[in-house]
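This report describes one protein model, residue by residue where the local geometry deserves a comment. The sequence and the structure come first.

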Amino acid sequence: MTAVKLEAGSATDVGLVRSNNQDKLLVAEPLYAVADGMGGAAAGEVASAIAVQTLGEQLAYKGGLLSPDDLVEAAQAANRAVWEKAVEHAEMRGMGTTLVAATVVDGPRLAVVNVGDSRLYAMRHGSFQQVTVDHNLVAEMVAEGRISKEEGEIHPRRNIMTRALGVEPEVKVDIFMEDVDPGDRFLLCSDGLSRELSDERISAILRRLADPSEAAKELVHEAKRHGGNDNITVIVLDVVPDPAALADPVTTSHQAVAEVPPPQSSEPHLATAPPAAAPPPASHQRQRRPSPINLRVAAFLLAFLAILAAGAVGVWYYARSAYFVGLNGDSLTVYQGRPGGVLWFKPTLDHVSKVTTAQVLQASLPELRAGVEEPTVAAADDFISNLAKLYQLSRSAALPPSTIPPSTTTTGSVPPTIGPSSSTTASPPTSS
Ligand code: MG
């Protein structure tokens, strides 16, 4: 398990048509959120601000790593806060907001909650995909197969939300759990981005710009260039290794919590990570995460054992992947392995041929005693056969046997008219 953290870059813009920015974002390591408010006058702005502020307040009091349940409960608390505000103020009736929020939880994994049609995308291993599911009428019609995705993108009712934060006293919150590895990149955004730019255009920008802040600014710039018909808000999150967590998990957890916005603020506003908030008891955090020192020792031992195992397999393969022809008494014999063996891997007898030392040139005997390596059993048999053929040829040609050099690997080069070797499979008395 690699300890990871998120590095964020963010940008928000009113766009080119709207007079005020009803989007709000929260960048408060380890918590990130985008809310897109809706409602008359300034109500939408209030709804999104209450949502992100309540979310930050709820989670500021949690110790160590947050849990998925923490995130869901905080989203539901944000829903109640917006709902209650609307009940108290008649001019704000009907206001609501989207909310998409993400944090790293134990695993490590990314927990994502979503209500509405703000989105979280994941870019990793060469793919770029929307993780969250939009809560609007057209998205549901597409999901049900009633219309195509392309038809949905131009559908006149695509603005109709089916779920939002703050319009009912209770809300169902979707949660998604995503694996995180260093190099992964996530994007949270309001629909002011996703309605202006195609997924392909968004992913191209995310791939081109490595710095998350530059990528966030470019996405907003590009959405405005394509019309800027709505407020545009993006948070780009890069998953990076977290050496600090390995060195001192307790301190890191304190820092992470301390960067969540403080619970008190007189007026809802754009929350962008002011400091403070009391750290939770250290004993509580230690229960949350296994000691990284132990993890490092375990990782080292695992790596060491893996290297040993790989080495043993390599030696075994080298030792056993060849055959050789040697002598077993007077018989030419095929062994599996290397002559003399390799470390503790000794050769084993494969089979004894019917050819004896009396049926081969005497000049061949020294190399047979040393062992003649061949890649396969068939090649070894051919070698024995060729030695026997050479001997017979030398006799028929009346050549002095000692003048003819031994064959080595002349597999298949001898005319087939001369009798083949006849090998038999012997009982394998192995040496070990
Ligand atoms: Mg919007």
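G15 lies in the loop that runs between β1 (4–13) and β2 (23–28). The model is a predicted one. With a relative accessible area of 11%, G15 is buried, because buried means under 20%. Contacts of G15, leaving aside residues up to four places away in sequence, are made with G228, D230 and I232. The C-alpha atoms of G15 and K224 are 6.1 Å apart in space, while 209 residues separate G15 and K224 in sequence.

**Strand β11.** Of the 10 residues in β11, nine are buried, so the strand is mostly covered. β11 pairs with β1 in the antiparallel sense, over 10 bridges, and V4 stands opposite P241 of β11. Strand β10 (residues 185–189) also pairs with β11 in the antiparallel sense, here over five bridges. In that pairing, C189 stands opposite V234 in β11.

## The magnesium site

Which residues donate to the magnesium ion? The protein donors are D36 (OD), D191 (OD) and D230 (OD), at 2.1 to 2.2 Å from the ion. Their spacing in sequence is D-x154-D-x38-D. D36 belongs to strand β3 (residues 31–38), whereas D230 sits in the loop between α7 (212–225) and β11 (232–241), so this pair ties together parts that lie 194 residues apart in sequence. D36 and D230 are both buried. D230 is also one of the residues that G15 touches.

## Aromatic rings

A pair of aromatic rings is described by the distance of the centres and the angle of the planes. The count comes to three aromatic pairs. Among them is the pair of Y121 and F128, with ring centres 4.9 Å apart and planes at 10°, so the pair is stacked. Another of the pairs is W344 with F345: the ring centres are 5.2 Å apart and the planes are at 40°, so the pair is tilted.

How covered are these rings' residues? The table gives the relative accessible area of each residue.

| Residue | Relative accessible area | Class |
|---|---|---|
| Y121 | 0% | buried |
| F128 | 15% | buried |
| W344 | 58% | exposed |
| F345 | 18% | buried |

Y121 and F128 are thus buried, whereas W344 is exposed and F345 is buried. A ring also takes part in a contact with a charge: the charged end of R338 sits over the ring of Y318, 3.9 Å from the ring centre.

## Backbone geometry

Most residues other than glycine have a negative phi, and most peptide bonds are trans. Some positions in this model depart from that pattern.

The peptide bond that joins E29 and P30 is cis, with omega about 15°, and P30 is placed in the loop between β2 and β3. A cis peptide bond also runs from G107 to P108, where omega is near -10°. P108 lies in the loop between β5 (99–105) and β6 (109–115).

Where does H125 lie? H125 is in the loop between β7 (119–124) and β8 (127–130). Although H125 is not a glycine, its phi is positive, about 50°. H125 is exposed, with a relative accessible area of 69%. L343 is a residue other than glycine whose phi is positive, near 50°. L343 is found in the loop between β13 (331–336) and β14 (348–356), and its relative accessible area of 54% makes L343 exposed.

Definitions and conventions: Residues are numbered from 1 along each chain as its sequence is written. This is a predicted model: local features need pLDDT of at least 70, side-chain atom pairs count only at pLDDT 80 or more; totals for chains, interfaces and linings use all residues. Side-chain values use heavy atoms; hydrogens and water are left out. Donors are N, O and S atoms within 2.8 Å of the metal (3.2 Å for Na, K and Ca); water is not among the atoms, so sites may look incomplete. Helices (H or I, at least four residues) and strands (E, at least two) are DSSP runs, numbered from the N terminus. Buried means under 20% relative accessible area, exposed over 50%, partly exposed in between (1.4 Å probe, protein chains only). Rings of Phe, Tyr and Trp (its six-membered ring) pair if their centres lie within 6.5 Å; planes under 30 degrees apart count as stacked, over 60 as edge-to-face and the rest as tilted. A charge sits over a ring if NZ of Lys or CZ of Arg is within 6 Å of the ring centre and within 35 degrees of the ring normal. Contact means heavy atoms within 4.5 Å. Two strands pair if DSSP finds at least two bridges between them.
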